[in-house]
Amino acid sequence: MAGRKALGHRTHDGEGTDHVKRSAFKNPWLPILLLVPQLSIIAVFFYWPAGYAVQTSFFLQDPFGFGSTYVGLENYTDLATSTNYLDALKFTAVFTTVVTFFSLGIALLLAVKADKVIRGARSYRTLLMWVYAVAPPVAGLMGVMLFDQSRGNLTQLLQSFGWDFTLGVSYWDTAFAMMTVSVWKQIPVNFIFFLSGLQAIPNSVREAALIDNKSSMGRFWDVTFPLLAPTGFFLLIINITYALFDTFGIIDTIVKGEPGNNPMTLVYRVFVDGFRGGDLGGSSAQSVVLMILVLILTVVQFRLLERRIHYT
Amino acid sequence: MTFVKTTAVAAAVSLTAVAAQAQTQIEWWHAMGGQLGETVNQIATDFNASQSDYVITPVFKGTYEETLTAGIAAFRAGEQPNIMQVFDAGAATVIGATGATIPVQQLMSDNGVDFDIEDYIAGVRYFYADNDGQMIGMPFNSSTPIMYYNEAALAEAGVTPPATWEEFAEVTGPALRDAGYIPLAQSHLPWIFTENFFSRHNIQFASNDNGYSGVDTEIMVDHPAIRAHFSALLEWQEADLFHWYGGGWSDNQQPFENGEVAMWLGSSGSFGGIQDRVDFPFSATYLPYWEAVTTEPTQTFIGGAALFAMSGHDDAENEATAAFFEFLTSSDVQYMWHRETGYVPITNAAYAAAADDGHYERFPAAEVGIQQLTLPAGEFTRGYRMGFYVQIRDVMNREYGRILTGDTSVEDGFATIQEESNQLLDRFARTQG
């Protein structure tokens with residue numbers, strides 16, 4: 001109920017601003033002219049390549065681009081029947097879920113704890129944010145060193161627990177390394193947002209809650225967490241996108257250019273088949289599938305999830 | 001993008017303005033990193049110093065796969081280099097694209113450089129040639145898989161390097177294991193245990209003469225001999241006679257250099273690097289074979305890569321490329337390349353020069369690769385030519401990894417490789433139509 005009311009309220013606001021804007025521009029072409037740079041960037045860098053990918057996905061091309069044959073939907077039916085592609089799809093789902101869950105969960109925990117720190121708060125926060133500056137391939141490279149088969153510190157640590165960890169040999173060990181590095185890399189950005197979200201909660205609300213409930217756990221779940229929901233929803237989208245797309249550099253460095261029997265995400269497969277393998281048609285079909293998945297995901301997120309979020 | 005392009009064009013224009021007075025500039029994209037890259041730069045510097053008409057600039061483009069990808073993308077954008085290094089698995093792609101390259105044999109004769117394919121070593125001559133025997137790519141870093149061994153470890157275990165896999169399984173392997181070593185590791189399952197496995201035993205690898213005489217090729221990898229070999233690998237792995245460190249090349253080479261692994265199957269081109277790094281005495285010998293499969297083992301063929309002259313450049317630049325190829329194949333340069341890296345010399349003259357200089361008396365292991373390449377040939381020892389082969393190797397690596405980690409059986413793994421490879425070959429054949 002509350003959500004719907006909030007939504008209605010916003011729509012009304014939207015109309016209001018729209019009206020003001022319209023009256024501000026006397027010449028109807030001016031706003032369009034002002035939008036042209038932005039629109040042309042979107043058209044050239046997003047719609048044109050996307051359209052080209054859709055077109056290419058219906059063709060079979062030789063790598064050097066000397067000839068291409070129209071094959072209709074064959075590139076798509078090949079994907080649907082490839083167990084290997086379906087495996088990548090399953091792995092991507094698991095990878096995205098795990099990375100999103102842990103990078104949000106750990107960041108929230110750290111933010112809640114950091115929020116309580118009074119002395120030296122600034123230094124703690126800066127230290128926790130540092131990792132954000134590390135580029136994904138560098139993060140991947142550090143992962144490779146830490147998880148190295150013979151000399152990796154983390155490998156030795158895991159072995160002392162009796163886990164015979166072998167990066168690049170065992171499928172799930174490699175997956176574990178990819179997920180760990182990806183989570184580690186994403187925690188700082190989540191932390192920054194959660195922390196500012198927490199600090200935006202008014203003290204009066206917290207004090208009122210303290211009178212009602214003595215348990216800090218209970219207060220967190222009943223009051224703080226729902227008030228953080230808008231931040232959380234925003235971060236959820238950011239993190240899913242991150243796990244799907246931005247982890248490419250990490251995965252590439254961890255598999256060291258030899259996909260082999262290592263786990264692969266859908267995005268990495270587009271690269272492997274299209275660039276490494278020279279099969280542009282098949283790779284474009286995978287890109288199109290990916291575009292559709294992202295489209296569905298976005299619609300689902302905004303239609304279903306956002307309605308449950310209460311914006312104050 | 002536009003900015004980068006403008007800057008690049010501006011830079012190119014200013015460079016050409018300076019160079020136009022006298023010298024022709026050409027560019028060479030290669031995939032030789034580390035110690036190999038330094039030797040490549042040395043060759044380029046020597047070429048530039050040897051004459052004043054041409055200047056070659058070597059550019060390191062990453063791994064073999066990355067170099068090929070970059071070259072194809074550049075070709076499609078009309079920005080291709082004069083010379084591009086393409087590795088064995090990419091050969092079909094680049095040779096199949098008629099018009100993308102100038103056959104090296106033609107380039108040489110067009111520019112008045114003497115060329116006789118018979119000057120080249122037998123195992124090297126026809127791998128990058130078309131079906132009429134015309135050389136398309138100039139073999140550059142030619143290597144072949146050989147077996148390196150730690151002499152101290154073998155002496156400690158009281159064994160000699162095995163000639164056959166039977167000997168390894170019964171004698172060498174167990175003795176080395178009992179002496180506290182991991183007896184065997186290798187660095188490239190598709191290259192060493194597949195392509196060269198077929199060549200060493202003279203078994204047909206693909207239809208159409210291993211793919212040389214047509215594009216409608218079918219791979220014949222699902223053969224009882226190789227299935228038996230992988231079943232043996234599994235047994236050896238179980239018995240601590242063999243260890244697989246994953247698909248990464250250096251992950252498998254490292255333990256040999258650390259002295260944990262006693263025998264390592266790698267490239268003859270790894271010789272220079274190992275020599276720089278290890279402090280124990282090591283040597284090398286031929287790739288073992290299965291006596292149960294053949295009693296007359298045949299030669300292996302070259303791996304590594306070749307240099308292709310890309311089309312779309314003016315005559316002056318092509319002349320410079322031909323001049324560079326002539327310099328590169330001179331026996332002095334070939335001997336220097338061979339001595340520094342361990343890659344085999346590609347001409348008979350360079351091989352003779354190395355022998356005359358006493359190189360093989362000082363380093364017997366350096367001759368193993370070339371000797372193995374000149375072993376008796378067979379019907380199926382020339383090599384292979386298959387399109388989308390980079391992906392086929394990826395399929396092999398994936399299934400081999402699954403076999404060795406117990407995710408699939410040898411039978412299912414090979415059936416999958418055969419099926420998926422043939423789908424890829426069929427796709428490639430249709431792009432060539």
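The model is predicted: local features need pLDDT of at least 70, side-chain atom pairs count only at pLDDT 80 or more, and totals for chains, interfaces and linings use all residues. Residues are numbered from 1 along each chain as its sequence is written, chains are lettered from A and ligands numbered from 1 in the order in which they are written, and side-chain values use heavy atoms, with hydrogens and water left out.

Asp240(B) has a relative accessible area of 51% and is therefore exposed (buried, under 20%; exposed, over 50%; partly exposed, in between; 1.4 Å probe, protein chains only). Its phi is near 60°, a positive value in a residue other than glycine. Asn210(B) likewise has a phi near 60°. Asn210(B) belongs to helix H10 (residues 207-210) of chain B and, at a relative accessible area of 3%, is buried. Most residues other than glycine have a negative phi.

Chain B contains 20 helices and ten strands. Its radius of gyration is 22 Å, in agreement with the value near 22 Å for a compact globule of 433 residues; the radius is taken over C-alpha atoms, and the globule rule is 2.2 Å times the number of residues to the power 0.38. The C-alpha trace of chain B spans about 70 × 50 × 45 Å along its principal axes. Of the 433 residues in chain B, 59% are buried. Contacts (heavy atoms within 4.5 Å) between residues at least 6 apart in the sequence of chain B join residues at least 24 apart in 76% of cases.

Leaving aside neighbours within four places in sequence, Phe324(B) is in contact with Ile26(B), Trp28(B), Ile43(B), Phe47(B), Ile56(B), Ile83(B) and Leu307(B).

In chain A, Phe234(A) is part of helix H10 (residues 216-246) and counts as partly exposed at 37% relative accessibility.

Key:
Helix = DSSP H or I, 4+ residues; strand = E, 2+ residues; numbered from the N terminus.
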